[in-house]
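Please take a look at the sequence and fold below.

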Amino acid sequence: MTPPRLTVCIPAYNGAAYIGDAIRSVLDQAFTDYALCVVDDCSTDATVDVVQRVNDPRVRLIRNPRNLGLIGNWNRCTDVADGEFLLLLHQDDVLGPGFMT
């Protein structure tokens, strides 16, 4: 299988209030050659539940076995990305229409 041109990684920690909007902003892009990976850093809120409710094959959830901290989780995102390019999208950010063109 050919890797996607772009991997969008969302490092997450207790972001249940925002992460759904971040994910939706990626899925709504016209550009489609991407994978979306949410890397959860041992959230204690409903972040994982929100991500698991997304029904899209491009979305992958990775849960760290232990809390890596902010920078450690960003590094984990770079480790799991398999696209030619990487976009690190923070859990409380959203992409505008046409951002990924």
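How many salt bridges does the structure hold? The structure holds 3 salt bridges, a salt bridge being a side-chain nitrogen of Lys or Arg within 4 Å of a carboxyl oxygen of Asp or Glu.

## Before you start

This is a predicted model, in which local features need pLDDT of at least 70 and side-chain atom pairs count only at pLDDT 80 or more, while totals for chains, interfaces and linings use all residues. Residues are numbered from 1 along each chain as its sequence is written, and side-chain values use heavy atoms, with hydrogens and water left out.

## The salt bridges

Let's begin with Glu-84 and Arg-5, whose closest N and O atoms are 2.8 Å apart. Glu-84 sits in the loop between helix H3 (69-80) and strand E4 (85-88), and Arg-5 in the segment before E1, so this pair ties together parts that are 79 residues apart in sequence. Helices (H or I, at least four residues) and strands (E, at least two) are DSSP runs, numbered from the N terminus. For accessibility, buried means under 20% relative accessible area, exposed over 50%, and partly exposed in between (1.4 Å probe, protein chains only). Glu-84 is exposed at 54%, and Arg-5 is partly exposed at 39%.

Another salt bridge joins the side chains of Arg-24 and Asp-28, at 3.4 Å from N to O. Here Arg-24 is partly exposed at 43%, and Asp-28 is exposed at 55%. Asp-56 and Arg-58 also pair up, with an N to O distance of 2.8 Å. Asp-56 is buried at 17%, whereas Arg-58 is partly exposed at 24%.

## The nonpolar cores

In soluble globular proteins, nonpolar side chains tend to be buried together. A nonpolar core is a set of buried Ala, Val, Leu, Ile, Met, Phe, Trp, Tyr and Cys residues joined through side-chain atoms within 4.5 Å. The largest one here has 19 residues, and those with the most contacts inside it are Val-8, Ile-10, Ile-19, Ile-23, Val-26, Leu-36 and Met-100. Strand E1 (6-12), helix H1 (19-27), strand E2 (34-40) and helix H2 (47-52) each give two or more residues to this core. H1 provides the largest share, 5 residues.

Leaving aside residues up to four places away in sequence, Val-8 touches Val-26, Ala-35, Leu-36, Cys-37, Leu-87, Leu-89 and Met-100, where contact means heavy atoms within 4.5 Å. There is also a second, separate core of 6 residues, including Cys-9, Cys-37, Val-39 and Val-80.

## The largest pocket

The largest pocket holds about 180 Å³ of space. Its lining consists of Met-1, Thr-2, Pro-3, Pro-4, Thr-32, Asp-33, Tyr-34, Ala-35, Pro-57, Arg-58, Arg-60 and Asp-82. On a 1 Å grid over the protein atoms alone, a pocket is an open set of points where a 1.4 Å probe fits, with protein on both sides within 12 Å along at least five of seven lines; lining residues have an atom within 4 Å of a point. The volume is the space filled by probe spheres set on the points.

## Two backbone spots to check

Most residues other than glycine have a negative phi. Asn-14, not a glycine, has a positive phi of about 50°; Asn-14 is in the loop between E1 and H1 and is partly exposed at 29%. Cys-42 has a positive phi of about 65°. Cys-42 lies in the loop between E2 and H2 and is partly exposed at 27%.
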